[in-house]
Amino acid sequence: MLPIIFSYLVVGFAFGIMMQEAGYTWLHALFASVFIYSGSLQIALVPMIVAHTPLLVMAASAFLINSRYMFYGIGFTERFKKQGLLYPYMIFAFPDEVYCVFCGTNYPSDVDPVKCDLWSAVLCHLSWISGGVIGAAFGDLIPLDLSGIDFAATCLFVCIFVNQWMEFKSHLPMYVGLASGLLCLFVLGPDNFMLPALSLSLVLLVILKKRVMEKEES
Amino acid sequence: MQPDYLYAALLIAVSAIVTILIRALPFAVFGQRKLPDTVEYLGRVLPGSIMVILIIYCLRSVSLTAWPFGIPEFLCVLICGLLQFKLKNSIPSIAIATALYMVLIRTVF
């Protein structure tokens, strides 16, 4: 959790500074961070605002950038339903980093996992929002050079990957991800590879279901 | 160019709506009924694949053909992975690898 809060504060902050440099106020940063709540899309959004991108093009870009979220919900329906009235909030507040935390959580037995899920989601959202607002309001006052701190997000994914590697007997899903990710990256380039890579690995995993399950249950 | 506040608000709204719809999709499709066997299986194994793809996503803009050839990135990813393997505690793994990365890109590379 802690690494995410820091990296969210900082990446949110970077987004706020971008908004400020583009000539927009903390209010815009606030609305974007509250309602979009997606790092990659918000960072891509700023130059698109400056370039006066048409709304439809924006909608299509938003879809392409964030289409990976479609895959995150699979497997979380039952868990999020336990939130009752806050079920819709859990569905909404579900960016990469929160997905990672939820994939990796093993809560101690003396805490309520439903409450933990909710507070993790709320804390991440709040740190993201604060980062954005502070960046847009005071970004020009802070002289610290924090470039590179967003690498914490990469490290988080690496840690969850290692946890999964140790937890699962079958490492086939990781190889499937590696193969489809690299293949799509080299064929389609860095801007368009995510959705095809995710789709390809989903199809491959379905095809390989029998082999993966045999290994898991052996 | 003069900032256009209303237009910016519209773009933010469009982005937000699209993002919310994408996030709601799997819950709308699989949320109502008993999960089919294959979906349950995917829920278990998909994170393993997605994590690798997310790591690739984070490193997608690293240039392999120009100095420093992604050395700081790959080195720190490797160190982070090894630390996590040994320590099984993500906070020191992430903190050490990120700090090292920030030092490396300022000094050596």
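**Entry 1: a loop residue in chain B**

I started with B:Phe69, which is partly exposed, with a relative accessible area of 39%. For my own notes: buried means under 20% relative accessible area, exposed means over 50%, and partly exposed is in between, with a 1.4 Å probe and protein chains only. B:Phe69 has a positive phi of about 55 degrees although it is not a glycine. I found B:Phe69 in the loop between helix 2 and helix 3 of chain B. Helices here are DSSP runs of H or I with at least four residues, strands are runs of E with at least two, and both are numbered from the N terminus.

**Ground rules**

I am looking at a predicted model, where local features need pLDDT of at least 70, side-chain atom pairs count only at pLDDT 80 or more, and totals for chains, interfaces and linings use all residues. Residues are numbered from 1 along each chain as its sequence is written, chains are lettered from A and ligands numbered from 1 in the order in which they are written, and side-chain values use heavy atoms, with hydrogens and water left out.

**Entry 2: a loop residue in chain A**

Next I checked A:His52, which is not a glycine but has a positive phi of about 50 degrees. A:His52 sits in the loop between helix 3 (39–50) and helix 4 (55–66) of chain A. Is A:His52 buried, exposed or partly exposed? A:His52 is partly exposed, with a relative accessible area of 33%.

**Entry 3: chain B as a whole**

I counted four helices and zero strands in chain B. Its radius of gyration is 20 Å, while a compact globule of 109 residues would have one near 13 Å. That radius is taken over C-alpha atoms, and the globule rule is 2.2 Å times the number of residues to the power 0.38. The C-alpha atoms of chain B fill a box of roughly 55 × 50 × 30 Å along the principal axes. Of the 109 residues in chain B, 47% are buried. I also looked at contacts, meaning heavy atoms within 4.5 Å. In chain B, 38% of the contacts with a separation of 6 or more are between residues 24 or more positions apart.

**Entry 4: chain A as a whole**

How many helices does chain A have? I got 13 helices and zero strands. The radius of gyration of chain A is 19 Å, close to the 17 Å that the globule rule gives for 218 residues, so chain A is as compact as a globular protein of that length. Its C-alpha atoms fill a box of roughly 60 × 50 × 35 Å, taken along the principal axes. Buried residues make up 50% of the 218 in chain A. For contacts in chain A between residues at least 6 apart in sequence, 73% join residues at least 24 apart.

**Entry 5: helix 10 of chain A**

I picked out helix 10 of chain A, residues 151–167, which has 17 residues. From first C-alpha to last it reaches 25 Å, close to the 24 Å expected at 1.5 Å a residue; the expected span is 1.5 Å times one less than the number of residues. Helix 10 of chain A is mostly covered, with 12 of its 17 residues buried. Among them are A:Phe151, A:Cys155, A:Leu156 and A:Gln164.

What covers the buried residues of helix 10 of chain A? From chain A, the cover includes helix 1 (2–21), helix 8 (96–104) and helix 11 (172–188).
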